[in-house]
Amino acid sequence: MTAIRVNPIGCVAHGLCAEILPERIALDEWGYPIIEPGSIPAELEAHARRAADACPTLALLLERD
Amino acid sequence: MATLATTTGLPRLLSALSYGDAAQLDRHLDTHGPLPAERELDARAIVELVDRSGLRGRGGAAFPTATKLRAVRAARGQPVVVVNGCESEPISAKDALLLCELPHLVLDGAELAARAVGAREAIVAFEVPNTAVRDSLETALSDRRAARVDATRFSLFAAEERFLSGQETALVSQINGGPARPTFVGTRPTDRGVGRRPTLIQNAETLANLALIARYGSEWYRELGTEAESGSRLLTLVGAVEQPGVYEIECGTPLGALFEAAGGLSGELGGVLIGGYFGSWLPAARVGQVELSNAGLARHDAALGCGAIVALPDSACPVAETVRVAIYLATETAGQCGPCVHGTSAIARTLHSIAEGKAPRTAFADLDRWAQELPGRGACHHPNGMAHFVATALKTFASQFDDHARHGPCGACAAESVLEIPVARPVRS
């Protein structure tokens with residue numbers, strides 16, 4: 001199973017992740033991601049991978065849990 | 001400073017306390033005797049002993065000490081021990097008391113910890129303005145060198161005076177020549193810390209306990225406390241009690257008994273803060289139900305944390321006190337993580353607007369939402385701690401916050417603060 005984690009030091013609120021994976025990622029009022037807790041369902045894994053690849057600061061991490 | 005005389009078997013940590021005595025090492029050895037030699041107590045035996053004693057970290061997180069010792073032993077590389085004497089929490093004084101008055105207990109613990117993990121080197125970290133701690137440690141280390149007490153090479157490290165200075169990864173970063181900021185890394189300091197070596201970081205009080213466990217054994221240690229929280233604890237008590245100070249209690253002691261040991265309350269109680277500035281506010285009416293253990297406090301959504309307790313007098317304004325601490329905590333973020341930088345500052349600003357009677361209509365709803373959203377979204381626990389502190393204040397003092405929102409500052413708002421705030425200093429960029 002895969003889980004999403006943010007490196008909060010690296011994240012500077014570009015917000016691309018929430019555009020690509022709105023099912024699991026919302027943005028707070030300053031544009032920083034709020035991640036839905038828990039594992040990513042299989043059908044969203046490809047989107048999660050795209051979101052991680054799209055992050056300009058490489059702050060979105062996909063981790064095996 | 002005193003101990004709870006009502007409990008048998010106390011004092012333990014503070015038993016050799018006698019202020020201003022120059023011959024500290026002699027008195028220490030007279031009271032406790034020498035450390036067991038390595039042939040009597042080798043590395044493996046220390047870890048097993050600590051495991052049986054149930055000793056947990058006294059810096060705030062209550063992590064099992066044996067687990068940490070094992071992690072450092074199992075890691076690759078030449079390990080190093082760091083004594084965490086930073087005690088960045090403004091109202092906590094127990095580690096400074098140990099380092100100033102009973103340094104040999106802490107240094108014995110560091111020597112034993114180094115033996116347990118196979119380290120040849122130990123770094124004693126304290127906060128930079130604390131010259132009393134520095135003087136005490138220099139004298140103690142020079143006495144120990146003369147008496148050839150240690151196999152370990154000790155050095156001192158002056159850490160920055162910042163709220164997050166003693167946070168484990170921030171302390172490692174400083175010792176490595178970096179800023180006093182937490183880091184976000186995949187590895188723990190136990191695997192890779194100071195100089196990328198396996199690093200055992202232990203709070204000063206934890207190590208002082210280790211010095212006693214090595215001499216008197218794990219069964220003796222467990223004669224005090226509960227199954228899950230063994231031994232005694234040092235608590236710093238300030239506020240509306242006759243004798244504020246550091247108290248050694250048995251885990252599980254009722255809060256009321258701690259107040260009695262401090263000569264009783266010096267006036268009407270307005271509320272109690274447990275666990276310092278990352279802690280929890282409890283209503284005064286709840287005092288009789290509170291037991292000073294993490295298991296007991298969990299029922300009140302609280303924890304002992306660093307062991308700092310404030311008896312807030314009824315004459316103080318809990319809103320003004322909370323606002324001042326919130327502003328302090330907002331200025332003490334490391335400035336690295338967006339949610340923490342923006343969130344803590346928004347919380348502090350909104351609380352201030354409530355105290356001034358100029359709050360936006362959404363103020364309380366915003367504060368509730370931030371308290372939910374903020375925890376877990378920083379590299380360290382700063383946002384979690386502040387969110388909890390503020391959420392418990394809003395709950396415990398709901399009517400006072402409501403009054404301020406409607407009518408502005410009260411008569412007690414301008415009173416001298418009970419919760420100490422260190423003077424503002426320039427933030428290092």
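Helix α12 (residues 318-331) and helix α15 (residues 382-396) of chain B pack with their axes 11 Å apart, at an angle of about 170°. Axes here are lines fitted to C-alpha atoms, for helices over the stretch in contact, and angles run from 0 to 180 degrees between N-to-C directions. The angle makes α12(B) roughly antiparallel to α15(B), a label given to angles over 145 degrees, while those under 35 count as roughly parallel, 65 to 115 as roughly perpendicular and the rest as oblique. Helices (H or I, at least four residues) and strands (E, at least two) are DSSP runs, numbered from the N terminus.

On the α12(B) side the contact is made by B:P318, B:T322, B:V325, B:A326 and B:L329, and on the α15(B) side by B:M386, B:F389, B:V390 and B:A393. Two residues are in contact if their C-beta atoms, placed from the backbone, lie within 7 Å. By class, this contact has eight nonpolar residues, one polar residue and no charged residues. Ala, Val, Leu, Ile, Met, Phe, Trp, Tyr, Cys and Pro count as nonpolar, Asp, Glu, Lys and Arg as charged, and the others, Gly among them, as polar.

The model is a predicted one, in which local features need pLDDT of at least 70 and side-chain atom pairs count only at pLDDT 80 or more, whereas totals for chains, interfaces and linings use all residues. Residues are numbered from 1 along each chain as its sequence is written, and chains are lettered from A and ligands numbered from 1 in the order in which they are written.

The domain assignment divides chain B into domain 1 (18-221), domain 2 (234-313) and domain 3 (318-407); such bounds come from an automatic or database domain assignment. The C-alpha centres of domain 1 and domain 3 of chain B lie 34 Å apart. Their contact takes eight residues from domain 1 of chain B and seven residues from domain 3 of chain B. On the side of domain 1 of chain B that touches domain 3 of chain B, four residues are nonpolar, two are polar and two are charged.

An open sheet of four strands in chain B has the order β4-β3-β2-β5, with parallel pairing. Strands pair if DSSP finds at least two bridges between them. At the edges stand β4 (153-159) and β5 (199-203) of chain B, each with a single partner strand, so one side of each is left without a neighbour in the sheet. From one strand to the next, the twist averages 25°. Strand β3 (residues 121-127) of chain B is joined to β4(B) by seven bridges, and the two run parallel; B:E127 has B:A159 in β4(B) as its bridge partner. Helix α8 (residues 204-216) of chain B lies across β2 and β5 of chain B, running at about 90° to β5(B).

A residue is buried if 20 or more other C-beta atoms lie within 10 Å of its own, exposed if 12 or fewer, and partly exposed in between, with C-beta atoms placed from the backbone. β9(B) pairs in the antiparallel sense with strand β12 (residues 308-313) of chain B over five bridges, and B:I274 stands opposite B:I309 in β12(B). Four bridges also join β9(B) to strand β10 (residues 280-283) of chain B, again antiparallel, with B:W281 as the partner of B:L273. β9(B) and β10(B) form a hairpin with five residues between them, and B:G275 in the turn has a positive phi of about 100°.

Some backbone details remain. Most residues other than glycine have a negative phi, and most peptide bonds are trans. The peptide bond from B:L10 to B:P11, however, is cis, with omega near 0°; B:P11 is placed in the loop between β1 (2-3) and α1 (24-32) of chain B. B:A62 has a positive phi of about 55° although it is not a glycine, and belongs to the loop between α2 (43-53) and α3 (65-74) of chain B. B:A62 is partly exposed, because 16 other C-beta atoms lie within 10 Å. B:E87, also not a glycine, has a positive phi of about 45° and is found in the loop between β2 (80-85) and α4 (94-101) of chain B. With 27 other C-beta atoms within 10 Å, B:E87 is buried. In α4(B), eight of its eight residues are buried.
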